[in-house]
Amino acid sequence: MHVKIELQNDPLESWIGKKGEPVIISGPCSAESPQQVLDTAQALASSGKVHLLRAGIWKPRTRPGSFQGVGTQGLSWLKAAGDAVGLPVITEVANAHHVEACLEHRIDALWIGARTTVNPFSVQEIADALKGVSIPVLVKNPINPDLALWIGALERMDQAGIKHLGAIHRGFSSYNNRHYRNAPNWEIPIELKTLVPGLPIFCDPSHISGRRDGIHEVAQKALDLDMEGLMIESHIQPDAALSDAQQQLAPDTLSQVLESLQFRSSKPVDQQFDSQLEMFRSRIDEIDQLLVSKLAERMGIVEEIGAYKHENNLTILQLERWREILATRTDWASRQDLDTTFIRSLLKVIHEASIARQTQVMNRPPVND
Ligand code: PEP
Ligand code: MN
């Protein structure tokens, strides 16, 4: 893919005012009241670990009837809180009116949300509103795993003359993924990094994980992949949050999470090799996770078949079916350049485990009623 982004980014420290360690963006999912924003900001600033204060003002909610954000008044609360604690502030914009309101309120940086990145009309409207304006813009990935769409939004910002451009990886919608709220598909931000060298990429573990206890794992992975920073939601009283309550961290929990993360030190010689290795490993991790969950799903079906055979008095081993399985799968494997002996042995192990499970089902003692 040919990418038309002539990054004119000054180094991150020139717009965030820090160097070395990853940039940490934190603050509530949504601004809810002046006090909530200020209390959160004060707690975050006193930890000394946060560089940019976030809060959503206009909330793109999946279902109507959810909290839609406090609207423009929230910009004054956010800016006042940032001023009070000495932190620059960032919020989400979804249209030209939002951009104008943010500029009027001297908001320091903007991000484009995942539901907006999917729509080139909205992205272009934002780009047009930003022409001639000097403000950092971070573009979240679209909700669907479409790298071209993400790059397209970055190109629109670049063409509008945005000099401080970055991306935020917040994961991708997927149906029925129990581990993540939004699947990370790490290969996509890795590909973005490869196609647009020098583009700062932040990771948003809060929206990827969707739950407090998953944030550390995702954040560590992002750092291991050499991402430039993290955006993590925090709230002075997370359980009472009006949006995304399950994933927001109390400021002191955020401090503990940040404390326990391993920041990679710069190792000039090995660094490139290490991050390449990490990229491959993270793809392997993702595939293995899928393999294991698919095997579990398969075993569930095997069990149902066992019950069916039991009811209908059929043998566990159905030789014809087993032959058919071996023949089709080895055929699929050879079409994909996989060693058929390897696939045969793998199938045998799976088949043995399936038979063992069905034997258990067959031998379950009858239920007495
Ligand atoms: C948010 O950051 O609160 C938000 C709405 O994120 P996303 O666009 O990633 O869903
Ligand atoms: Mn949120």
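# Ligand shell and surrounding strands of a predicted model

The shell of residues around ligand 1 comprises 3 nonpolar, 2 polar and 7 charged residues. In this classification Ala, Val, Leu, Ile, Met, Phe, Trp, Tyr, Cys and Pro count as nonpolar, Asp, Glu, Lys and Arg as charged, and the others, Gly among them, as polar. The structure is a predicted model, in which local features need pLDDT of at least 70 and side-chain atom pairs count only at pLDDT 80 or more, while totals for chains, interfaces and linings use all residues. Residues are numbered from 1 along each chain as its sequence is written, chains are lettered from A and ligands numbered from 1 in the order in which they are written, and side-chain values use heavy atoms, with hydrogens and water left out.

## Overall architecture

The chain contains 14 helices and 8 strands. These elements are DSSP runs numbered from the N terminus, helices being H or I with at least four residues and strands E with at least two. The C-alpha trace spans about 75 × 55 × 40 Å along its principal axes. Of the 369 residues in the chain, 47% are buried. Buried denotes under 20% relative accessible area, exposed over 50%, and partly exposed the range in between, with a 1.4 Å probe and protein chains only.

## The surroundings of ligand 1

Ligand 1 is surrounded by Cys29, Arg54, Lys59, Glu92, Trp111, Gly113, Ala114, Arg115, Lys140, Arg170, His207 and Glu233. A residue belongs to these surroundings if one of its heavy atoms lies within 4 Å of the ligand. The following table gives polar contacts to the ligand, a polar contact being a pair of N or O atoms within 3.5 Å; within protein, one must be able to donate a hydrogen and the other to accept it, and residues adjacent in sequence count only if both atoms are side-chain atoms.

| Residue (side chain) | Atom of ligand 1 | Distance |
|---|---|---|
| Arg54 | oxygen | 2.8 Å |
| Lys140 | oxygen | 2.8 Å |
| Arg170 | oxygen | 2.6 Å |

Taken alone, ligand 1 exposes 300 Å², and the protein buries 97% of that area. Such areas come from the Shrake-Rupley method with a 1.4 Å probe; for residues, only the protein chains shown count as cover.

Lys140 also has a partner within the protein: its side chain makes a polar contact of 2.8 Å with the side chain of Asp204. Asp204 lies in the loop between strand 7 and helix 9 (205-209). With a relative accessible area of 1%, Asp204 is buried.

## Strands and their pairing

Two strands are said to pair if DSSP finds at least two bridges between them. Strand 5 (residues 137-140) is joined to strand 6 by 4 bridges, and the two run parallel. Within this pair, Leu138 has Gly166 of strand 6 as its bridge partner. Because 5 of the 5 residues of strand 6 (residues 165-169) are buried, that strand is largely enclosed by the rest of the structure. From strand 6, Leu165, Ala167 and His169 point one way, whereas Gly166 and Ile168 point the other way.

Strand 8 (residues 229-233) is likewise mostly covered, with 5 of its 5 residues buried. Gly229, Met231 and Glu233 point one way from strand 8, and Leu230 and Ile232 point the other. Glu233 is also one of the residues surrounding ligand 1. Strand 8 pairs with strand 1 (residues 23-27) in the parallel sense over 5 bridges, and Ile232 is the bridge partner of Ser26. Strand 7 (residues 201-203) runs parallel to strand 8 and is joined to it by 2 bridges; here Gly229 is the bridge partner of Phe202.

Ile215 is found in helix 10 and, at 0% relative accessibility, is buried. Ile215 and Glu233 are 18 residues apart in sequence, with their C-alpha atoms 10.0 Å apart in space. The loop between helix 10 (215-224) and strand 8 holds Asp226. Asp226 has a phi near 70°, a positive value in a residue other than glycine. This residue is partly exposed, at 23% relative accessible area.

Asp337 is located in the loop between helix 13 (319-335) and helix 14. Although Asp337 is not a glycine, its phi is positive, at about 65°. Its relative accessibility of 73% makes Asp337 exposed.

Helix 14 (residues 340-362) has 23 residues and reaches 32 Å from its first C-alpha to its last, close to the 33 Å expected. That expected span is 1.5 Å times one less than the number of residues. At the start of helix 14, a side-chain oxygen of Asp339 comes to within 3.0 Å of the backbone nitrogen of Thr341. The buried residues of helix 14 include Ile343, Leu347, His351, Ser354 and Gln358. An α-helix has 3.6 residues a turn, so residues three or four places apart point the same way.
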